Amino acid sequence: MAKTLVLVASLLILGNVFFSHASFPPSVIVDIATIILNNYCSPEKLVGMKEAIEAASSNTGILNMPDAETLANVLSSGVQHTVSDPRLKVSYQPNYVPAVPPKLPPLPPEQLIAVIQNSMKLDILEGNIGYLRIDHILGEEAAEKVGPLLLDLVWSKILPTSALIFDLRYTGSGEVTGIPYIVSYFTEAEPLIHIDSIYDRPSNTTTPFFTMPDLLGQRYGATKSIIVLTSKNTKGIAEDVAYCLQNLKRATIVGEKTAGGSVKIDKFKVGDSDFYVTVPTAKSINPITGSTWEITGVTPDVEVNAEDALATAIKIINLRAKVPAIIEGSATLIADNYAFENIGADVAAKLKEQLASGTYNMVVSKQSLESKLSADLQTLSGDKSLKTTSNTPALPPMDYTPEMYIELIKVSFHTDVFENNIGYLRFDMFGDFEEVKPIAQVIVEHVWNKVLNTDALIVDLRNNLGGPTTAIAGFCSYFFDADKQIVLDKLYDRSSGTITELQTLPELTGVRYGSKKSVIILTSGATAGAAEEFVYIMKKLGRAMIIGETTAGASHPPKTFQVGETDIFLSIPTVHSDNSAGPAWEGAGIAPHIPVPADGALDTAKGIFNKHLAVKETTS
């Protein structure tokens with residue numbers, strides 16, 4: 001109510017303060033406020049105005065003003081600021097003649113054809129892309145009159161196209177009844193869709209708009225790509241059409257934010273004066289968003305300057321034309337190579353279903369395609385490693401000096417010896433065997449030998465994200481004796497059809513920790529990949545106690561596959577551990593023997609070892 005009191009009071013005060021030469025009856029100020037109160041499309045913004053008008057109407061003072069146009073401008077500014085709506089305007093127009101909406105005269109066919117051709121622009125672009133520009137949206141009555149001609153001259157040319165660019169950059173006028181006509185041509189006949197509701201303030205009625213079950217001619221359908229071009233000059237009914245299609249996810253909007261106009265603007269004469277008030281008397285309420293485009297405008301999905309919108313739209317459509325082959329190619333690669341055959345086949349089938357459903361019709365760039373494809377693959381498979389990836393070439397090997405290797409190892413590993421001669425070893429990534437082999441002696445001297453002679457060892461993998469699995473067999477071997485070769489795991493590679501048996505190595509650089517001393521491995525929800533394979537082996541063979549959180553349930557290091565001849569690449573896990581005795585760790589992770597929060601795992605492990613070693617020392 002405070003706002004509306006301010007509105008009426010400010011109108012009166014502005015007149016008394018700023019003007020001193022001409023006179024104007026104060027009733028006109030009240031009349032302006034009354035017109036807004038009775039006709040403005042958002043009455044919730046005018047709570048308390050009626051009381052404010054009644055209070056102001058008792059003021060019989062005379063407004064003195066030097067010039068009516070200046071007063072109109074000041075009043076406009078006050079009204080717009082108070083209601084926060086730039087569409088409200090007060091004007092002084094002594095010679096104003098109300099415009100009569102032009103009616104389509106009974107023209108001969110050749111003149112009707114000329115009218116249609118001048119109000120629309122049609123083209124078929126390279127790649128069978130339709131282009132249709134409309135500068136005025138016809139209403140129901142006009143559409144019925146020219147419908148057959150529109151079908152013959154325009155729509156029959158658009159229907160066979162593979163995609164459509166609908167240009168509304170210059171569309172500033174139209175009829176409300178044209179909204180369901182246009183939207184319906186881009187949807188299916190059934191089911192009917194509630195696309196819009198128009199609230200009319202003077203009649204206090206709301207009219208719902210639905211897609212139409214029957215249309216003249218064929219529909220464009222619900223799956224072919226549509227791009228709507230917009231600019232800051234796109235206004236009114238054209239904004240509503242763009243907003244409906246956008247929120248139905250039937251079209252992508254490319255261009256500039258629209259004007260933020262109204263579905264209906266009326267101009268009211270203020271009493272017997274030559275002042276007029278322009279008021280938005282109806283508003284659109286979208287049933288999907290529960291909101292409107294009015295005042296704020298329609299925000300494009302892809303925002304570019306209006307002059308660049310057409311070229312951008314063509315690029316998007318050309319990208320979308322490649323999508324079916326990309327999705328089909330991705331599905332084939334996954335079905336043929338994913339580590340678990342049944343999951344790969346299921347993911348491939350569902351991916352094709354998503355393509356058929358049209359969910360990929362809204363991609364606007366290579367990045368958005370890759371993002372959606374990755375999200376779909378991970379959702380369908382439950383595997384975070386199955387995704388799109390870049391094909392970044394490997395960096396050339398660094399030519400390290402011995403001193404540089406030592407410094408690198410110092411920052412890659414962390415060791416300590418706690419109370420009761422408990423060793424501690426942390427590293428956050430497994431290295432490739434071929435890369436580690438040349439520096440194995442350096443690692444032994446500067447890392448391994450520091451924990452070798454401890455009575456028990458804590459291996460901290462809480463922050464280990466994985467890496468290659470080629471060094472797993474070698475690292476495991478340090479915790480088993482040399483006199484017996486043990487099969488650690490069998491790795492099945494789906495893409496090559498091979499089985500690799502991981503075994504303990506008979507020869508190692510340095511001295512083994514052996515199979516007798518106790519080992520605890522710390523894990524967290526971040527422990528992944530190669531680290532999980534190590535934990536899985538050590539747990540399966542009863543060589544270590546696991547303390548912490550269930551691991552990530554990731555996968556063996558994936559391989560990179562190119563999708564056909566495109567620049568899209570997939571990361572596909574092709575290897576899985578021996579699951580003849582049941583599921584291994586991929587997908588589900590590895591449950592610890594003693595589950596505790598990751599940040600408390602180290603203290604728990606130290607407590608167990610301290611107790612165990614103290615008992616051992618007492619009994620010895």
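Which residues of H8 are buried? The buried residues of H8 are Ile237, Ala238, Glu239, Asp240, Val241, Ala242, Tyr243, Cys244, Leu245, Gln246 and Asn247. Here, buried means under 20% relative accessible area, with exposed over 50% and partly exposed in between (1.4 Å probe, protein chains only). Because 11 of the 11 residues of helix H8 (residues 237-247) are buried, the helix is largely enclosed by the rest of the structure. Just after H8, Lys249 takes a positive phi of about 55°.

A few words on reading this report. This is a predicted model, in which local features need pLDDT of at least 70 and side-chain atom pairs count only at pLDDT 80 or more, while totals for chains, interfaces and linings use all residues. Residues are numbered from 1 along each chain as its sequence is written, and side-chain values use heavy atoms, leaving out hydrogens and water. Helices (H or I, at least four residues) and strands (E, at least two) are DSSP runs, numbered from the N terminus.

Next, let us visit an open sheet of 3 strands, ordered S16-S25-S24 with antiparallel pairing. Two strands pair if DSSP finds at least two bridges between them. Strand S16 (387-389) and strand S24 (559-562) are the edge strands, each pairing on one side only. From one strand to the next, the twist averages 40°. S16 and strand S25 (residues 569-572) pair in the antiparallel sense over 3 bridges, and Thr389 stands opposite Phe569 in S25.

Two helices pack on this sheet, as the table shows. Contact means heavy atoms within 4.5 Å; axes are lines fitted to C-alpha atoms, for helices over the stretch in contact, and angles run from 0 to 180 degrees between N-to-C directions.

| H9 (residues 309-337) | S24 and S25 | about 25° with S25 |

Leu319, Val323, Ile326, Ile327, Ser330 and Ile334 in H9 meet Lys366, Leu369, Leu373 and Leu377 in H11. The residues of this contact divide into 8 nonpolar, 1 polar and 1 charged.

Finally, Thr278 is found in strand S14 (residues 275-285). At 16% relative accessibility, Thr278 counts as buried. Leaving aside neighbours within four places in sequence, Thr278 is in contact with Arg87, Leu88, Lys89, Ile265, Asp266 and Lys267.

How values were computed:
Ala, Val, Leu, Ile, Met, Phe, Trp, Tyr, Cys and Pro count as nonpolar, Asp, Glu, Lys and Arg as charged, and the others, Gly among them, as polar.
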